[in-house]
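I opened the model to look up a few things about its folds and contacts. My entries follow in the order in which I made them.

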Amino acid sequence: MLINNGFNEDKIQSPLRYIWSIFKSKSIAVVAMWVIVCLILISLFASWLVPHSPLLQDPDKMLLPPYWVDGGSIDHVLGTDDLGRDTLSRLFHGIQYTLGGALLITFFVSIIGMSIGAGAALTKGVKASILHHLLDALLAIPSLLSALILITFFGPSYVNCLLAIALSLLPQFIRASYLAIEQELNKQYIIALQLDGAAKTRLFRYGILPNILEPTTTILNRLFTMAIIEIATLGFLGFGAQLPQTELGSLIANNMELIYLSPWLVAFPGLAIFIIIIIVNVFAEGLRHAVIEGEE
Amino acid sequence: MSSLLKVSDLCKSFKQPFGFFGSKEKIAFGPVSFTLEKGETLAVVGESGSGKSALVRTIAGVLTANAGDIYIKGHSIRTLSSQKRCVSVRMIFQDPSSSLNPKMTIGKILNAPIELNTSLDAKQRYQRIIETLKLVGLLPDYLAFYPNMLSSMQKHQVAIARAMILNPDIILVDEILTTLDISLRFKIVNLLLKIQQTKGTSYIFVAHNMHLVKHMSDQIMVLHQGKIVEKGSSEEICDNPQHEQTKYLLLTHQPDYRK
């Protein structure tokens, strides 16, 4: 059987594979991806990776600086705090709380938000209006403020803080996914699939979902970044993780009065938050560009 | 015996916002009535904005009519299930590069209508797909391809295959010839005529080019501002146009005029 393809070695790549091959050529984004994998591994296995228990106090070694500064000890690579607790161990556990919490929020909010957004976009009439405009009023309130309001109802604790942030980020996500799906619905191949007699679920699964990758990466990235910032902020304000939980924001808050004695204690958690957000954005932006190039 | 397709007093109007709260009805076309017999080709011509695309989309089921009725083999379209409607009326969209899902292989695109509308099993479906590809002149190798890997001609062939795969009675063709250059246009026209000969399908054609329309169609219907201004057999209309609009349309395709 003849075919124009002179060498039959060229494989037919599926769009996802093609996007992946473009993504692999973007070295910064690939590095960012591996850093994210490392961070996730750290947050999963923090208890086994850390050299000391994050709560182990050592009265002989209080306020040690990192080991590369004079007076530091290799036992405590990033130094210790005012009760002699190891900073590195506390940082790893902090990443577990902050990054892990943000991942959980992103996972649940994206599933719930996407299904409500799809339900609003794919139905018509009163049902769509209710789904679509139900949470619109909440959009007027900044999400951090609505999280604060919710947490005053629930009472401050780490789980309640995750719940409040998830609820406060949900309206934005519903709105964004609704807009993405709504735009897609006007495309001709969706109309053609509808004329084939496809039901809504099939339409969503095969027609819409593969074609909204680009807006989805953007809104997921925004959701994740917002979640990290809000967990850290609520922790800093004392509404999130409670002692002895070592969330990154609460680490900064607890060590604020020591900032002149030992600035490291504030600098490391702050740097960790900063690096996580930068790395995730570099990764997501690389992915988004790969998706755009792959769709051309 | 009732005719294959009978459209009676079909009307469609869109609501447009007007003023602060009011809305204004803008009539797309209608009332329009005509009939189509098996194996016939009806061409719908008219200037842009005359409602031809809206008419075709209403018959296909993309838009719903405000008034009037469509009968297929004597049954009103309101009483037919969407499956039966799919099997008897299929549409080819204007631009195949936007009407084929870029994330699905040709095989899956062609599989979807059979899977949704018939009770064939996977093997019979594959057989049907191969037959249809042969009908439009494509090799089975193309089944694993994605639409962006095909040339515009091949995309048109796939779009025709998707319309033909359910062996429909009527195919609605929405200006597919305008985006093609002249040699490919003839290829597609010949392909469509060949399919009509072998399968006895009826076409409703939306077109601009009066020469091609004369070549292909048995009947011509001229629309102007949503109303039928002239209707009749092709020779009659091309040789002896009555209405001003028809004369204009014929005039724009006179070779001397275009110099």
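**Chain B, overall.** I started with the secondary structure of chain B, which comes to 10 helices and 10 strands. The model is predicted, and I read every value below with that in mind. I noted the span of the C-alpha trace along its principal axes as about 55 × 50 × 45 Å. Of the 259 residues in chain B, 40% are buried. I also looked up the contacts with a separation of 6 or more in chain B: residues 24 or more positions apart account for 69% of them.

**The sheet of chain B.** In what order do the strands of the open sheet lie? I read S6-S7-S8-S3-S9-S10 in chain B, 6 strands with mixed pairing. The edge strands are S6 (89-92) and S10 (227-233) of chain B, each of which pairs on one side only. From one strand to the next, the twist averages 15°.

S6(B) pairs with S7(B), residues 170-174, in the parallel sense over 4 bridges. Two of the positions I looked up here were B:Met91, which stands opposite B:Leu172, and B:Arg90, which stands opposite B:Ile171. On its other pairing, S7(B) is joined to S8(B), residues 202-206, by 5 bridges, and the two strands run parallel. There I found B:Ile170 opposite B:Ser202.

Next I checked how covered S7(B) is, and 5 of its 5 residues are buried. B:Ile170, B:Leu172 and B:Asp174 point one way from the strand, while B:Ile171 and B:Val173 point the other way. What lies across S6 and S7 of chain B? It is helix H6(B), residues 152-164, and this helix runs at about 170° to S6(B).

**Around S9(B).** I then turned to S9(B), residues 219-224, where 6 of 6 residues are buried. Both faces are covered, with B:Gln219, B:Met221 and B:Leu223 on one side and B:Ile220, B:Val222 and B:His224 on the other. S3(B), residues 41-46, is joined to S9(B) by 5 bridges and the pair runs parallel. The bridge partner of B:Gly46 in S9(B) is B:Leu223.

In which sense do S9(B) and S10(B) pair, parallel or antiparallel? They pair in the antiparallel sense, over 6 bridges. B:Ile220 stands opposite B:Gly232 in S10(B). The two strands form a hairpin with 2 residues between them, and I noted a positive phi of about 50° for B:Gln225 in the turn.

**Two helices of chain A.** I moved to chain A and looked up H11(A), residues 213-237, against H13(A), residues 264-295. Their axes come within 9 Å and cross at roughly 175°. The two helices are therefore roughly antiparallel to each other. On the side of H11(A), the residues making the contact include A:Leu213, A:Phe224 and A:Ile228, and on the side of H13(A) they include A:Ile277, A:Val280 and A:Leu287. By class, the residues of this contact divide into 12 nonpolar, 5 polar and 2 charged.

**A:Phe204.** I picked this residue in helix H10 of chain A. Is A:Phe204 buried or exposed? With 21 C-beta neighbours inside 10 Å, A:Phe204 counts as buried, since the cut-off for a buried residue is 20 or more. Leaving aside neighbours within four places in sequence, A:Phe204 is in contact with A:Ala118, A:Leu122 and A:Leu209. I also took the C-alpha to C-alpha distance to A:Gly119, which is 9.9 Å for a separation of 85 residues in sequence.

**Chain A against chain B.** My last entry is on the contact between the chains, which takes 19 residues from chain A and 25 residues from chain B. On the side of chain A, the elements that give two or more residues are H9 (188-195) and H10 (200-208). H9(A) gives the largest share of that side, 6 residues. By class, the side of chain A that touches chain B has 12 nonpolar, 4 polar and 3 charged residues.

Note on methods. Residues numbered from 1 in each chain as written. Chains lettered and ligands numbered in written order. Predicted model: local features only at pLDDT ≥ 70, side-chain atom pairs only at ≥ 80, totals over all residues. Contact = placed C-beta atoms within 7 Å. Nonpolar A, V, L, I, M, F, W, Y, C, P; charged D, E, K, R; others polar. Axes fitted to C-alpha atoms, helices over the stretch in contact; angles between N-to-C directions. Parallel < 35°, antiparallel > 145°, perpendicular 65-115°, else oblique. Pairing = 2+ DSSP bridges. Buried ≥ 20, exposed ≤ 12 C-beta atoms within 10 Å, placed from the backbone.
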